[in-house]
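Here is a short briefing on a two-chain model. Look at the structure first, then work through the points by topic.

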Amino acid sequence: METVFQAQISYNQFLSDAGAPLQALPEWAGKPDILVRYYRNMVQLRQLDNKIIALQRTGQMGTYASLLGAEAIEVVLGELMLSDDVLVPYYRNHGLQMLRGLPLEDMLSYWGGDERGSASATMAEDFPNAVPIATQALHAAGVATAIRIRGEKRAVVTVCGDGATSKGDFLEALNVAGAWQLPVVFVVNNNQWAISVPRSLQSAAATLAQKAIGAGIRGEQVDGNDVIALHESVTEALKHAREGKGPTLIEAISYRLSDHTTADDATRYRSNEELKAAWEREPIKRLQTFLHAQGWWDEVQETAWQKEVAQIIQQGLDSFLQRPPQPVEDLIDYLYAELPDALKEQRERLIRNAQPGGNHHE
Amino acid sequence: MSDAITMVEAVNLALRSEMQRDDSVIVLGEDVGVNGGVFRATVGLRETFGIKRVLDTPLAETMIAGLSVGMAAQGLKPVAEIQFMGFIFPTMEQIICHAARLRHRTRGRLHCPMVLRVPFGGGIHAPEHHSESTEALFAHIPGLRVVIPSSPKRAYGLLLAAIRNPDPVIFMEPKRIYRLNAQTVEDNGEALPLDSCYTLREGADITLVSWGAMIKETLEAADLLAQQGVSCEVIDVVTLNPIDHETILASVAKTGRCVIIHEAPKSCAVGAEISATLGERGLLSLQAPVARVTGYDTIMPYYRMENHYLPNTADIVEAVTATLEFS
């Protein structure tokens with residue numbers, strides 16, 4: 001027998017769990033600019049996340065998917081994607097969406113049950129959140145097909161969780177992206193849990209990155225809590241995409257430090273010991289330790305930034321809470337470009353019912 | 001273009017015609033390029049328009065639908081082919097959860113001008129899983145259009161309309177009549193109206209409502225009944241979502257009687273929707289119960305028994321006669 005194919009998957013990490021360099025750092029990491037921005041953005045996302053969960057607990061927000069533990073992935077993609085790249089997100093990318101320009105009040109609107117949160121003109125060509133699992137990977141391939149047909153130098157980024165890699169849509173997207181060498185970057189936020197199903201039950205594959213091999217595309221693992229490693233991997237993948245060299249699958253190893261959503265209770269299915277160990281690897285503390293060691297960040301800056309962030313969040317929250325409700329007819333008016341005659345009677349009934357004295361008046 | 005062409009040739013003509021006019025129209029699907037489609041609907045397009053406009057995809061229906069959503073959101077007008085109705089089911093999550101609601105959930109920021117073409121229905125002695133009529137599954141979905149032609153001329157004009165429509169359209173092609181009759185179809189680039197019934201024949205005694213391949217038997221029945229002095233009005237529904245109920249109601253107001261004919265199983269089918277609407281809004285016009293001539297509520301049989309399943313002209317004549325005799 002002869003070997004007809006061999007492959008290997010690399011793992012990329014620069015900072016240890018404790019925030020110490022494990023190898024020579026890339027040149028850009030020798031200056032504070034980008035790294036401090038990463039840190040500040042992550043701190044902002046975490047404070048916002050806590051705030052939204054508190055709002056949900058007091059009934060001011062709907063079911064919410066926390067970003068706790070995903071901050072590094074969000075800020076690095078937000079930094080490196082260009083405005084004319086296209087994001088095809090899942091439901092745990094609202095940090096990235098805001099870094100791409102989505103106002104906080106729109107983001108809050110989405111999680112507050114209002115479709116206008118996906119309507120903001122700032123989202124440009126970006127897709128709204130995909131809630132069914134892995135379906136977005138195919139939209140990303142479709143957007144990339146359009147970009148390829150037009151011969152543009154733009155990249156498409158799509159993100160999903162580890163559970164999504166078990167679905168056909170994900171594998172079909174990898175396959176067509178490889179067959180057609182599409183300019184797309186698939187990022188798997190492998191946070192170890194698909195609601196209650198651990199990574200070990202999701203797939204017998206040693207890595208999720210190796211699913212790229214079956215599709216004939218680049219695939220690698222990266223420490224998803226290490227902004228420097230993520231920055232390097234994402235930069236390279238975006239470069240490949242924009243230069244027409246094809247797609248990449250990046251498996252970012254992270255940990256879902258939160259429940260799946262506010263409707264979930266992870267204590268039912270995972271141990272405190274595991275969670276505690278995961279907190280030792282989390283992205284913010286790790287970068288903070290590094291920045292402190294470099295003398296690029298201190299307690300005074302920390303206190304000032306935390307205070308500023310609280311104000312920014314409060315402003316966005318106030319705008320969200322003051323936003324007038326959608327006109328009830330929006331429920332039908334955006335179904336088709338033009339309202340079909342067959343829907344006119346139902347539209348009238350909807351409006352009548354919402355008016356004072358109507359069955360559904362609030 | 002004075003030579004008569006078949007329905008499948010009319011589909012090809014419409015694709016060619018619109019691709020010439022509009023660079024954003026992209027044809028994609030399994031075997032649509034080099035092979036020209038298993039029914040030859042896309043034959044020659046790749047040679048004319050090249051590999052960037054006619055995409056031979058990997059074999060994955062979910063992918064074809066999902067890719068089309070992404071392309072459509074980018075302003076292209078993908079016209080995707082699903083080879084047979086029996087293979088359309090993997091696309092349903094993409095169609096229902098994304099194509100049909102992209103405009104709605106982004107409040108018009110993005111929309112999805114895609115067409116999913118699919119040959120459907122029985123009667124050509126095809127393998128298992130090749131002969132279903134599941135139009136009702138799609139007609140039930142808000143945000144979708146379901147359009148079914150029943151002649152070469154209407155296939156040409158309706159497909160142009162479907163491609164130009166800014167919302168997703170499931171364009172179902174009744175393959176039993178793909179090559180049955182030829183018609184002269186002028187390549188004039190003129191789309192036919194969607195969301196409208198087409199009255200194929202005016203009559204005074206009873207309204208026959210149908211679509212797709214069953215229009216053939218419905219017209220044959222109307223001919224036979226005419227010889228017996230019965231005047232049938234024949235309505236081709238054409239767009240099954242949203243339905244033009246007004247045309248049907250106006251016809252039944254005139255005739256007082258209605259028979260609905262379709263190949264799909266009876267229960268929860270589009271005929272039930274039309275019948276229910278006649279009950280809600282046309283009750284006082286009706287002089288007899290609305291009758292339905294349909295497939296049985298069973299699995300579409302493999303070809304040895306498909307003639308037992310498919311409604312035929314005699315079934316229609318029988319239902320019309322019973323409806324006329326009701327008093």
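Domain bounds here come from an automatic or database domain assignment. The model is a predicted one. In chain B, that assignment gives domain 1 (4-184) and domain 2 (198-325). The C-alpha centres of these two domains of chain B lie 26 Å apart.

**Chain B: how its two domains meet**

- How many residues of domain 1 of chain B are in contact with domain 2 of chain B? The contact takes 25 residues of domain 1 and 22 residues of domain 2.
- On the domain 1 side, three elements of chain B give two or more residues each: helix H6 (135-139), strand E6 (145-147) and strand E7 (169-174).
- That side of domain 1 of chain B has twelve nonpolar residues, eight polar ones and five charged ones.

**Chain B: overall build**

- Chain B contains twelve helices and 14 strands.
- Its radius of gyration is 19 Å, close to the 20 Å that the globule rule gives for 327 residues, so chain B is as compact as a globular protein of that length.
- The C-alpha atoms of chain B fill a box of roughly 60 × 45 × 40 Å along the principal axes.
- Of the 327 residues in chain B, 57% are buried.
- Take the contacts in chain B with a separation of 6 or more: residues 24 or more positions apart account for 80% of them.
- An unreviewed UniProt entry annotates residues 5-180 of chain B as "domain: Transketolase-like pyrimidine-binding".
- Residues 5-180 of chain B are 35% helix and 16% strand. The end C-alpha atoms of this span are 10 Å apart.

**Chain A: overall build**

- Chain A contains 14 helices and eight strands.
- Its radius of gyration is 22 Å, close to the 21 Å that the globule rule gives for 362 residues, so chain A is as compact as a globular protein of that length.
- Along the principal axes, the C-alpha trace of chain A spans about 75 × 55 × 40 Å.
- Buried residues make up 46% of the 362 residues in chain A.
- Among contacts in chain A with a separation of 6 or more, 73% join residues 24 or more positions apart.
- Chain A is divided into domain 1 (11-322) and domain 2 (330-362). The C-alpha centres of these two domains of chain A lie 38 Å apart.
- An unreviewed UniProt entry annotates residues 40-318 of chain A as "domain: Dehydrogenase E1 component".
- Residues 40-318 of chain A are 48% helix and 11% strand. The end C-alpha atoms of this span lie 22 Å apart.

**Chain A: the sheet**

- Six strands of chain A form an open sheet in the order E1-E7-E8-E4-E3-E2, with parallel pairing.
- Why is one side of strand E1 (11-12) and of strand E2 (86-88) of chain A left without a neighbour in the sheet? Both stand at the edges and each has a single partner strand, so one side of each has no neighbour there.
- E1(A) runs parallel to strand E7 (residues 218-223) of chain A, and two bridges join them.
- Tyr11(A) stands opposite Gln221(A) in E7(A).

**Where the chains touch**

- The contact between the chains takes 36 residues from chain B and 35 residues from chain A.
- On the chain B side, helix H3 (61-73), helix H4 (92-97) and helix H5 (102-105) each supply at least two residues.
- H3(B) gives the largest share of that side, nine residues.
- By class, the side of chain B that touches chain A has 14 nonpolar, 14 polar and eight charged residues.

- Phe127(A) sits in the loop between helix H4 (104-111) and helix H5 (135-150) of chain A.
- Is Phe127(A) buried or exposed? A residue counts as buried if 20 or more other C-beta atoms lie within 10 Å of its own. Phe127(A) has 27 other C-beta atoms within 10 Å, so Phe127(A) is buried.
- Phe127(A) and Val86(A) are 41 residues apart along the chain, and their C-alpha atoms are separated by 7.8 Å.
- Beyond its neighbours within four places in sequence, Phe127(A) is in contact with Leu87(A), Val88(A), Pro89(A), Gln136(A) and His139(A), and also with Ala73(B).

How values were computed: Residues numbered from 1 in each chain as written. Chains lettered and ligands numbered in written order. Predicted model: local features only at pLDDT ≥ 70, side-chain atom pairs only at ≥ 80, totals over all residues. Contact = placed C-beta atoms within 7 Å. Helix = DSSP H or I, 4+ residues; strand = E, 2+ residues; numbered from the N terminus. Nonpolar A, V, L, I, M, F, W, Y, C, P; charged D, E, K, R; others polar. UniProt positions renumbered as here; feature names shortened; annotations may be inferred. Rg over C-alpha atoms; globule rule 2.2 N^0.38 Å. Buried ≥ 20, exposed ≤ 12 C-beta atoms within 10 Å, placed from the backbone. Pairing = 2+ DSSP bridges.
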